Amino acid sequence: MSYLLDTNIVTAILKKNAKIRQKLGDLDILGEKVYLPGMTYYEVKRGLIAVNATRQLYDLNELCKKYQILPSDLEILERAAEIHAELKGKGRRLEDADILIAATAIARDLILVSHDSDMLRVPGLRLEDWLSTELS
């Protein structure tokens, strides 16, 4: 299995969350692939720049050396448009950034790791919450 990290998970990594770091270490031992969507990189980086968090900016750059950033391409944008239309039709709108992140996971057949319950609205999205208190 391969995984895509949502913005809230990358933020937890930068805050040195032990549960997330352990899970990533376990995946590394198993040889599993982990990726960051371009939108997550953008959301995290803009927030860190805004508050001049130089140490966390350094840590983000180090994280990006370890995990590949997946840019949005036409396939992802097409999938995002479909997700948006489907959710809007059901009256269950989602933020554009979340739609792009979910579309990246679906288009690349990845499991999205997120602590955002709004992601449960996205049909066809495989989702794991590594920050859930139910995890051991």
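Biologist: Leaving aside its neighbours within four places in sequence, which residues is R126 in contact with?
Modeller: R126 is in contact with D109, L110, I111 and L112 once those sequence neighbours are set aside, where contact means heavy atoms within 4.5 Å. This is a predicted model, in which local features need pLDDT of at least 70 and side-chain atom pairs count only at pLDDT 80 or more, while totals for chains, interfaces and linings use all residues. Residues are numbered from 1 along each chain as its sequence is written, and side-chain values use heavy atoms, with hydrogens and water left out.

Biologist: Where does R126 lie, and is it buried or exposed or something in between?
Modeller: R126 lies in the loop between β4 and β5, with helices (H or I, at least four residues) and strands (E, at least two) taken as DSSP runs numbered from the N terminus. Its relative accessibility is 38%, so R126 counts as partly exposed, given that buried means under 20% relative accessible area, exposed over 50% and partly exposed in between, with a 1.4 Å probe and protein chains only. The C-alpha atoms of R126 and V113 are separated by 8.7 Å, although these residues are 13 apart along the chain.

Biologist: What order do the strands take in the sheet?
Modeller: The open sheet has five strands in the order β3-β2-β1-β4-β5, with parallel pairing; two strands pair if DSSP finds at least two bridges between them. The edges are β3 (68-70) and β5 (127-128), each with a single partner strand, so one side of each is left without a neighbour in the sheet.

Biologist: And how many bridges join β1 and β4?
Modeller: Three bridges join strand β1 (residues 2-5) to strand β4 (residues 111-113) in the parallel sense, and L5 has V113 as its bridge partner in β4.

Biologist: Which residues touch the most other members in the largest nonpolar core?
Modeller: L5, V10, L24 and W130 do, out of 23 residues in that core; a nonpolar core is a set of buried Ala, Val, Leu, Ile, Met, Phe, Trp, Tyr and Cys residues joined through side-chain atoms within 4.5 Å. Two or more residues come from each of β1, α1 (7-14), α2 (18-30), β2, α3, α4 (54-66) and β4, and α1 gives the largest share, five residues. There is also a second, separate core of 20 residues, which includes L70, I99, A105 and M119.

Biologist: Why is α1 described as largely enclosed?
Modeller: Six of its eight residues are buried, so α1 is largely enclosed by the rest of the structure; the buried residues are T7, I9, V10, A12, I13 and L14. K16, which follows α1, has a positive phi near 65°.

Biologist: Switching to helix packing, at what angle do the axes of α3 and α4 cross?
Modeller: They cross at roughly 160° and come within 9 Å, the axes being lines fitted to C-alpha atoms, for helices over the stretch in contact, with angles running from 0 to 180 degrees between N-to-C directions. That makes α3 roughly antiparallel to α4, a label used for angles over 145 degrees.

Biologist: Which residues meet there?
Modeller: Y41, V44, K45, L48 and I49 in α3 meet Q56, L57, L60, N61 and C64 in α4. Helix α3 (residues 38-50) also lies across β1, β2 (33-37) and β3, and runs at about 60° to β2.

Biologist: Last one, is T104 buried or exposed?
Modeller: T104, found in helix α6 (residues 96-107), counts as buried at 2% relative accessibility. Leaving aside neighbours within four places in sequence, T104 is in contact with L4, P37, L70 and I76.

Notes. Parallel < 35°, antiparallel > 145°, perpendicular 65-115°, else oblique.
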